[in-house]
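Good morning, everyone, and thank you for making the time.

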Amino acid sequence: MHCPKCARIPLKAKKAKTGKVVVDVCSNCRGVWFDANELNEVLPVASKGMSLPKDAEDTGMTCPRCRVPLKGFNYPQTYVKIDMCQECQGLWFDAGEFKEIKIVASAMSLMTGKALNAL
């Protein structure tokens, strides 16, 4: 597979720090590819039931697996724009986007826990 952003740079398999998932990383732009449902393994709270929104826009990039156009949309409850394949449901995160989403998910989890404890 090749990086959807850098085109000719091969993606390299790398074990995620959380869970047992192996993601694909671009050595040039530092973007990360998650195959369908892999994100659920490393970020289960924030990614449950995520699907491609109807208003997702063409990004000009193609899926490294299917070679079909990726569609861009804001990750739920963030301002982070990510890219998703409409065929295989894989997700592309530019450098830093996954980290930002992880921070938001962690904050949401803390807020939800505090709200439940207040009941």
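What follows is a short tour of this model, with the cut-offs given as each term comes up.

Please keep in mind that this is a predicted model, in which local features need pLDDT of at least 70 and side-chain atom pairs count only at pLDDT 80 or more, while totals for chains, interfaces and linings use all residues. Residues are numbered from 1 along each chain as its sequence is written, and side-chain values use heavy atoms, with hydrogens and water left out.

Let me begin with the fold. The protein has three helices and seven strands, where helices (H or I, at least four residues) and strands (E, at least two) are DSSP runs numbered from the N terminus. Along the sequence, these elements follow the pattern β-β-β-α-α-β-β-β-β-α. Of the 119 residues, 39% are buried, and here buried means under 20% relative accessible area, exposed over 50%, and partly exposed in between, with a 1.4 Å probe and protein chains only.

Now to the charged pairs. A search of the whole structure finds four salt bridges, each being a side-chain nitrogen of Lys or Arg within 4 Å of a carboxyl oxygen of Asp or Glu. One of them joins lysine 5 and aspartate 94, whose closest N and O atoms are 3.7 Å apart. Because lysine 5 lies in the segment before S1 and aspartate 94 in the loop between strand S7 (91–93) and H3, this pair ties together parts that are 89 residues apart in sequence. Lysine 5 itself is partly exposed, with a relative accessible area of 48%.

A further salt bridge is formed by lysine 81 and glutamate 57, with 3.2 Å between the closest N and O atoms. Lysine 81 lies in strand S6 (residues 81–85) and glutamate 57 in strand S4, so the pair ties together parts 24 residues apart in sequence. Aspartate 58 and lysine 71 also meet through their side chains in a salt bridge, at 2.7 Å from N to O. That pair links strand S4, which holds aspartate 58, to strand S5 (residues 69–74), which holds lysine 71. Is each partner buried or exposed? Aspartate 58 counts as exposed at 56% relative accessibility, whereas lysine 71 is buried at 18%.

Let me turn to glutamate 38, which is located in helix H1 (residues 38–42). Glutamate 38 is buried yet has no salt bridge, and the nearest side chain of opposite charge, arginine 65, is 6.2 Å away; for charge, Lys and Arg count as positive and Asp and Glu as negative, with His and the chain ends not counted. The side chain of glutamate 38 does, however, reach the backbone nitrogen of aspartate 35 at 2.7 Å.

Finally, the largest pocket. Which residues lie nearest its centre? Of the 17 residues in the lining, these are Lys14, Lys17, Val23, Val32 and Phe98. A pocket here is an open set of points on a 1 Å grid over the protein atoms alone, where a 1.4 Å probe fits, with protein on both sides within 12 Å along at least five of seven lines, and lining residues have an atom within 4 Å of a point. The largest share of the lining, three residues, comes from H3.

How values were computed. Polar contact = N/O pair within 3.5 Å; in protein donor to acceptor, adjacent residues only side chain to side chain.
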